Amino acid sequence: MSERRTRVGPLAALPTDSPALDVDALLDDPSIGILVCCGSGGVGKTTTSAALALRAAERGRKVVVLTIDPARRLAQAMGVEKLDNTPRPVPEVAGEGSLDAMMLDMKRTFDEVVTSQATPEKARQILENPFYVALSSSFAGTQEYMAMEKLGQIHRQAEADGSYDLVVVDTPPSRSALDFLDAPERLSSFLDGRFIRLLTAPARGPARLMSAGLGVVTGALTKILGAQVLRDMQVFVAAFDTLFGGFRARAEKTFALLQDDRTAFLVVAAPEEDALREAAYFVERLEEDEMPLAGLVVNRASPPTSTTLSTEEATAAADRLRRSGRRSVTAGLLRLHADRLAMAARERHLVARFAAAHPAVPAVVVRALPTDVHDLEGLRRIGDLLAGEGEGC
Amino acid sequence: MSPSKDWSGVDLHVVTGKGGTGKSTVAAALALALASSGRRVLLCEVEGRQGIARMFDVDPLPYAETRVARGLPDAGGGAGTVHALHVDPESALLEYLSMYYKLGRAGKALDRFGVIEFATTIAPGVRDVLLTGKVYEAVQRNSRSKGATTYDAVVLDAPPTGRITQFLNVNGELAGLARVGPVKNQADTVMTLFRSSRTVVHLVTLLEEMPVQETADGIAELEAADLPVGAVVVNLVRSRDLDDEALDAAARGALDTEEIADDLVRAGVLGETGGTGDREDLDALVEELVEEGREHAERRDLEEAQRALVADLGRPTYELPLLAAGVDLGGLYELAACLKEQGLGR
């Protein structure tokens with residue numbers, strides 16, 4: 001989007017190390033009831049959410065993890081063949097705690113909101129309306145809105161019956177991490193806004209409510225969308241009328257819940273420029289909205305090295321061996337080592353720059369594993385890495 | 001392993017891929033590759049990221065075609081160019097309105113009533129019709145359009161694999177909503193191009209399970225929607241510094257550590273790390289190299305399995321190396337050359 005963002009930071013700072021993020025302290029903190037994992041697409045948010053949820057459960061908490069679009073693999077890794085809108089227990093969780101997993105079904109969730117809020121007859125009218133069908137299944141912000149809605153539902157239920165004491169939320173794989181915070185506001189301001197009132201104006205009596213612009217606008221809309229779409233929308237709006245205020249109120253309530261001290265945000269990124277830039281925007285935005293940020297998780301980092309060999313030395317040595325003419329495995333190993341050193345140096349530099357711009361944000365760097373996660377054991381291993389344990393040998 | 005295919009009849013290359021696979025980088029490299037043989041190429045982005053501006057290190061792009069790269073003149077004095085266009089739905093809508101409906105003043109009224117926002121962010125499908133409509137216009141443009149730049153090829157940096165079919169299948173997306181009307185007509189026109197042999201959709205993947213699975217799913221969805229699937233571009237491929245025999249030994253933990261230590265001494269590494277005869281340093285280095293070799297072998301093994309799955313997709317496949325130093329403009333040129341050498345963007 002084109003909104004202007006003001007950058008927020010210390011303005012003068014050298015590349016530095018972030019304070020360490022103590023993941024276990026976060027997971028063990030009984031005052032934290034909601035943990036939200038945000039970040040741009042492709043940084044391993046869903047896996048991180050699942051690993052954190054499992055670790056919290058095995059440290060004794062009653063956890064539910066709300067995923068948005070998990071790979072089949074991950075659902076299987078948790079021993080749940082099919083994830084849907086209802087939490088299902090994950091088998092073989094060690095210890096006193098428990099872990100349930102679920103996947104957001106945005107249309108079902110939207111439908112449930114409608115049925116719970118409207119009379120049966122009105123609800124049917126809404127659910128059958130073509131405009132509603134399109135809105136509830138394909139509008140880009142619906143997923144974010146419904147993720148928050150579901151979060152609110154689970155949280156209320158958990159508070160009422162004590163079924164969970166920690167909700168871990170994965171966020172939709174949006175273009176930008178900011179969509180998670182922006183989209184619900186966009187949807188509710190639309191549902192509650194000027195444009196809807198404009199559509200309902202004729203039904204609500206005095207047309208003087210709107211200026212002379214009204215005719216131009218409906219005329220233009222009819223031209224663009226066709227008269228039928230406009231009619232569908234008017235029917236939808238008329239049926240939905242009583243629900244609008246409710247939507248605004250719900251969105252505000254969830255927003256307040258996210259600002260609450262019982263919530264913690266983790267920003268997930270990869271050690272790449274784009275992902276860290278998104279993370280920086282997101283961190284600044286959370287601060288602006290006074291949302292409780294717990295820290296940054298940098299996934300998929302090159303494994304750390306302990307030797308003192310530099311990239312140049314390793315490359316030079318590999319070349320020397322190659323020139324000596326003997327077929328040598330060592331030359332290959334040295335070149336691998338050089339590549340890894342170069343990547344690690346670049347990544348460290350990016351993370352240090354992030355730390356310089358956001359010195360108060362605790363961070364943990366999680367090394368990339370050579371293979372994918374297939375089972376709970378794999379998730380546990382990632383949990384260990386998140387908690388700063390084990391170098392993955 | 002790469003069935004060669006002739007892409008010369010293609011006017012629109014759509015590039016998609018799972019988040020994190022580097023689809024924008026591949027789209028930019030493809031645009032450069034196409035332009036390098038003297039073509040005029042337009043590179044479009046539709047997700048509001050200004051990624052092109054960052055990759056080419058130029059000012060943020062306006063809603064206007066801007067030249068971002070020009071080739072060196074060839075023997076005939078001609079030089080290829082890459083223009084870039086950042087398509088945002090608000091501007092596309094206003095342009096659409098003024099083009100088809102001469103809505104100058106009314107456009108402002110629409111904005112005041114929140115209609116522009118509605119149409120571009122809320123109305124399902126309308127946003128995508130506007131975005132694809134602009135790309136369509138650029139592809140269809142021909143020499144009869146007065147004063148406008150025409151292109152030999154258009155490359156679209158498209159939404160990710162999970163959303164690509166919905167994005168391109170604009171009239172499917174609209175079907176529930178607008179069964180008739182101008183937007184529907186516009187969507188139908190755009191679809192005709194997308195379904196034709198002038199368009200191909202390339203999918204970018206990594207040799208990892210989730211991206212490969214998503215690529216397979218994406219291809220199935222595109223085919224079901226009757227959209228033309230092009231190539232699979234495998235990005236960030238690790239270097240092959242170890243041969244099969246060494247890989248096998250590394251995986252089994254059977255690398256000859258004595259030989260490696262000897263080699264390191266011969267290559268003079270030891271002297272540089274901590275003084276001659278420092279046996280502990282040497283052993284530590286050997287151990288680390290062997291462990292790296294083992295992880296690399298494990299990783300390569302996984303990649304081979306995924307490479308086989310990619311081959312099973314039956315699409316022309318191209319591979320791009322992982323550039324350890326990251327992708328800057330020089331890196332983009334390098335990737336473009338790789339694509340060209342393999343036959344994509346020739």
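The expected span of a helix is 1.5 Å times one less than its number of residues, and helices (H or I, at least four residues) and strands (E, at least two) are DSSP runs, numbered from the N terminus. With that in hand, let me start from helix H10 of chain B, residues 209-224, which has 16 residues and reaches 23 Å from its first C-alpha to its last, close to the 22 Å expected at 1.5 Å a residue.

Before going further, a word on conventions. What you see above is a predicted model, in which local features need pLDDT of at least 70 and side-chain atom pairs count only at pLDDT 80 or more, while totals for chains, interfaces and linings use all residues. Residues are numbered from 1 along each chain as its sequence is written, chains are lettered from A and ligands numbered from 1 in the order in which they are written, and side-chain values use heavy atoms, with hydrogens and water left out.

Let me stay with H10(B) for a moment. Which of its residues are buried? They are Glu209(B), Pro211(B), Val212(B), Thr215(B), Gly218(B), Ile219(B) and Leu222(B), where buried means under 20% relative accessible area, exposed over 50%, and partly exposed in between, with a 1.4 Å probe and protein chains only. The cover over these buried residues includes helix H3 (72-77) of chain A, and from chain B helix H7 (161-168), strand S6 (199-205), strand S7 (229-237) and helix H14 (279-312); contact here means heavy atoms within 4.5 Å. After H10(B) comes Asp226(B), whose phi is positive, near 65 degrees.

On that subject, most residues other than glycine have a negative phi. Asp57(B), in the loop between helix H2 (51-56) and strand S3 (66-70) of chain B, has a positive phi near 55 degrees, and with 69% relative accessibility it counts as exposed. Leu236(B), by contrast, belongs to strand S7 of chain B; its phi is also positive, near 55 degrees, and its relative accessible area of 32% makes it partly exposed.

Now to the packing of helices within chain B. The axes of H6(B), residues 126-140, and H9(B), residues 182-194, come within 10 Å and cross at roughly 50 degrees, the axes being lines fitted to C-alpha atoms, for helices over the stretch in contact, with angles that run from 0 to 180 degrees between N-to-C directions. The two helices are therefore oblique to each other, given that angles under 35 degrees count as roughly parallel, over 145 as roughly antiparallel, 65 to 115 as roughly perpendicular and the rest as oblique. H6(B) passes H9(B) in a left-handed crossing, meaning that the near helix is turned anticlockwise from the far one by less than a right angle, whereas clockwise would be right-handed. On the H6(B) side the contact residues include Val129(B), Thr132(B) and Tyr136(B), and on the H9(B) side they include Val183(B), Leu193(B) and Phe194(B). By class, this contact has eight nonpolar, five polar and no charged residues, with Ala, Val, Leu, Ile, Met, Phe, Trp, Tyr, Cys and Pro counted as nonpolar, Asp, Glu, Lys and Arg as charged, and the others, Gly among them, as polar.

Phe194(B), which sits in H9 of chain B, is buried, because its relative accessibility is 1%. Setting aside residues up to four places away in sequence, Phe194(B) touches Leu12(B), Thr132(B), Leu168(B), Thr199(B), Leu227(B) and Pro228(B). Phe194(B) and Val14(B) are 180 residues apart in sequence, yet 9.5 Å apart in space, C-alpha to C-alpha.

Apart from neighbours within four places in sequence, Ser302(A) is in contact with Arg340(A), Met343(A), Ala344(A) and Glu347(A).

Chain A has 16 helices and eight strands, and 56% of its 393 residues are buried. Chain B has 15 helices and eight strands, and 55% of its 346 residues count as buried.
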